[in-house]
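Please find some notes on the model below.

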Amino acid sequence: MQIASLKDMYIAELQELVSVEEQLTEALGRMAVVASHPALKDALMHHREETQVQQQRLEAILQQYGADVRAHIDQSMQALLNETEKMFAILQGGDLRDAGLIASAQKIEHYEMAAYGTAAALAGQLDLRNDQRMLHDSLEEERRADALLTKLAKAEVNYDALAA
Ligand SMILES: [Fe+2]
């Protein structure tokens, strides 16, 4: 596919993001099952719900442009999730696994923050203010999820992993 305008590039970015959120919804469910600390399980499940809403926001934006919402599978997200699965398999013990889960989840959140930051900036440049607001809402949710993971790691999980 050739992309010849900023608007089409913007739409392609959104199509990647739909795939990111779709893959992540499934992965967060698995991560919450594997997590040991109740606060981490809750954080992952809460973010899973947000992730589903974020996917719906993206689909609503794409549908208004008549764009396919299943056009693309984001390979960066596939790679991040493959690495996450690999870590599950080799980390021994619940506390250490939780520390690894947070590390993986934060890499994913940072990828999403970069993607939403770019998409929101493109929406602004294209003067699509409603899109920009929706993308900012998702970006803020990603930032909050990331900050909560940092808090859990520092307050609880990493100490337990150190003591294990
Ligand atoms: Fe997300």
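1. Helix H2 buries Leu 40, Ala 43, Leu 44, His 47, Thr 51, Gln 54, Gln 55, Leu 58 and Ile 61. Buried here means that 20 or more other C-beta atoms, placed from the backbone, lie within 10 Å of the residue's own. Helices are DSSP runs of H or I of at least four residues, numbered from the N terminus. These buried residues pack against H1 (6–34), H4 (94–125) and H5, contact being C-beta atoms within 7 Å.

2. The model is predicted; local features need pLDDT of at least 70, side-chain atom pairs count only at pLDDT 80 or more, and totals for chains, interfaces and linings use all residues. Residues are numbered from 1 along each chain as its sequence is written.

3. H2 has 27 residues and reaches 40 Å from first to last C-alpha, close to the 39 Å expected at 1.5 Å a residue (1.5 Å times one less than the number of residues). Gly 66, which follows H2, has a positive phi, near 65°.

4. H1 and H4 pack at about 160°, axes 10 Å apart; axes are lines fitted to C-alpha atoms over the stretch in contact, with angles from 0 to 180 degrees between N-to-C directions. The two helices are therefore roughly antiparallel (angles over 145 degrees). Residues making the contact include Leu 14, Leu 17 and Val 20 of H1 and Leu 101, Ala 105 and Ile 108 of H4.

5. Mean pLDDT (the predictor's confidence in each residue, from 0 to 100) is 96 for the chain, and 100% of residues reach 70 or more. Confidence is lowest in H5 (residues 129–163), at a mean of 94, and highest in H2 (residues 38–64), at 98.

Note on methods:
Buried ≥ 20, exposed ≤ 12 C-beta atoms within 10 Å, placed from the backbone. Contact = placed C-beta atoms within 7 Å. Parallel < 35°, antiparallel > 145°, perpendicular 65-115°, else oblique.
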